[in-house]
Amino acid sequence: MPEDQNYQTTIETSTRIPKLTSSVHDITAEKPPFGSRFLTEQSDVWTQNAWDHVPPPEDQDEAISVSLARQRVAPVPESDKEKYNAKPAKYWDNFYKTNADNFFRDRKWLHLEFPDLLAAAQPDAGDITICEIGCGAGNTAFPLLSANKNPKLMIRAFDYSSHAVKLVQANSLYRDPPVGSIQAAVWDLSCENSLPPGVTPESVDIVVLVFILSALHPDEWERAVQNMHRMLKPGGVVLLRDYGRYDLIQLRFKSGRLLEENFYIRGDKTRVYFFELDELALMFTGTRPTSVQNTLQIMEESQDDSCNNSLILSPRLGSHNDRISGSHSPPPGVVIHPSLFRPDVPHLPRPPFVIEQLGVDRRLLVNRKRQLKMYRVWVQGKFRK
């Protein structure tokens, strides 16, 4: 699914700071991870192509209000919404027919964000099955396969775009993997009580879900979680990365793109949702983050603690015992999609998953030539069955 890489301009410099760790600030951690690229002096902003954990500018609230107001004035016409939601795979087929495997870069950052994938590829890791949902042209599966040293690793790649699956199957690594094995097939994560071809219940160790949930309609989230829960072994994990609320891409949408609150249609007719962390917690566990997590503030600090600016990540008033119910209202300042509060939806036994990681990657990308600052927001999680 598109990560809108046309906005991720890379500026080469002679003193580029290497990427050493994950950029995700987990909600259980007081400080961002050591090794992050901190911007401690504003005068240094144009010396690198990216900075981690940068607070949004002072006028961000105003910019958000202006953007959302503009979008709400002219949403997608009701007559068009059914067309976009009825057959979303058709638009992804068109996307891959147009772009083939040239649109996305390979995700070589996976080993930093998801160490489980690195561990699964070790020579003595044993029998492990990784299921990538929404494989696209293979920009996750093939970097994993190229780095793999585990002869017993099976990568299963699925997408509801048949053209995307054909691109994966046409790759030379698919036909002749150096170590381990790979299989790809068409499958729709949002189908009710469904498993991918060749996958039996409780047979998968790791599900990789990178920029995929955002492409589903919110009414499909529950079915998606059920299907992942069903395929995972007890103790298996979902590794998730997706778009965060008020990311640059969300604020840049013009009129005629808003399907629902925080849910949009792109120019190529593919859909995208922008998540709050609370929504992911509710979706996978049936609860909001714990009371310890509720009080978290993002601390923008240098490695020698010389900077001490803080930014509230988001107000969280729910406790660990908060459950999804019809009378449960979202906390002030956090808009939760109503599909997560409907009492008539048959939820999985609680908790279906436990949170091992849930955090935000708030990054400042810069285009030095054009003197542009681009504030990106991604969310990331690790959920264990």
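A polar contact is a pair of N or O atoms within 3.5 Å; within protein, one atom must be able to donate a hydrogen and the other to accept it, and residues adjacent in sequence count only if both atoms are side-chain atoms. The legends below describe a predicted model, in which local features need pLDDT of at least 70 and side-chain atom pairs count only at pLDDT 80 or more, whereas totals for chains, interfaces and linings use all residues. Residues are numbered from 1 along each chain as its sequence is written, and side-chain values use heavy atoms, with hydrogens and water left out.

**Figure 1. Overview of the protein chain and its confidence.** The secondary structure comprises 12 helices and 14 strands, where helices (H or I, at least four residues) and strands (E, at least two) are DSSP runs numbered from the N terminus. Of the 385 residues, 55% are buried; buried means under 20% relative accessible area, exposed over 50%, and partly exposed in between (1.4 Å probe, protein chains only). The chain exposes about 16900 Å², of which carbon and sulfur atoms supply 51%; accessible areas come from the Shrake-Rupley method with a 1.4 Å probe, and for residues only the protein chains shown count as cover. Among contacts (heavy atoms within 4.5 Å) between residues at least 6 apart in sequence, 77% join residues at least 24 apart. The mean pLDDT, the predictor's confidence in each residue from 0 to 100, is 80, and 76% of the residues reach 70 or more. The pLDDT is below 50 over residues 5–14, a stretch with 28 contacts in the model beyond near neighbours in sequence. Over residues 291–331 the pLDDT is likewise below 50, and this stretch has 105 such contacts.

Figure 2. E279 is found in helix 11 (277–285). With a relative accessibility of 0%, E279 counts as buried. The side chain of E279 makes a polar contact with the side chain of R245 at 2.8 Å, and the E279 side chain also reaches the backbone nitrogen of H337 at 2.9 Å. Leaving aside neighbours within four places in sequence, E279 is in contact with R245, Y273, F274, V335, I336, H337 and L340.

Figure 3. Because 9 of its 9 residues are buried, helix 11 is largely enclosed by the rest of the structure. Its buried residues pack against helix 9, strand 7, strand 10 (271–273), strand 13 (354–367) and strand 14. Just after helix 11, G286 takes a positive phi of about 80 degrees.

**Figure 4. The nonpolar cores.** In soluble globular proteins, nonpolar side chains tend to be buried together. A nonpolar core is here a set of buried Ala, Val, Leu, Ile, Met, Phe, Trp, Tyr and Cys residues joined through side-chain atoms within 4.5 Å. The largest such core has 44 residues, and I133, L213 and F284 have the most contacts inside it. At least two residues of this core come from each of several elements, including strand 6 (204–210), helix 9 (221–231) and strand 7 (232–243). The largest share, 6 residues, comes from helix 11. Leaving aside neighbours within four places in sequence, L213 is in contact with W221, A224, L240, D242, F275, L280, M283 and F284. Apart from this core lies another, of 36 residues, among them L145, I249, Y264 and F274.

**Figure 5. Aromatic pairs.** The structure holds 16 aromatic pairs; rings of Phe, Tyr and Trp (its six-membered ring) pair if their centres lie within 6.5 Å, and planes under 30 degrees apart count as stacked, over 60 as edge-to-face and the rest as tilted. Y84 and Y91 form an edge-to-face pair, 6.1 Å centre to centre with 65 degrees between the planes. Y84 is buried at 7% relative accessibility, and Y91 is buried at 8%. One aromatic cluster consists of F211, Y243, F253, Y264 and F274.

Figure 6. G136 lies in the loop between strand 3 (128–133) and helix 6 (141–147) and is buried, with a relative accessible area of 4%. The C-alpha atoms of G136 and Y96, 40 residues apart along the chain, are separated by 8.1 Å. Beyond neighbours within four places in sequence, G136 is in contact with Y96, D159, A164 and V168. D127 lies in the loop between helix 5 (115–120) and strand 3 and is exposed, with a relative accessible area of 61%. Not counting residues up to four places away in sequence, D127 touches K152 and D205. D127 and D205 are 78 residues apart in sequence, and 9.2 Å separates their C-alpha atoms.
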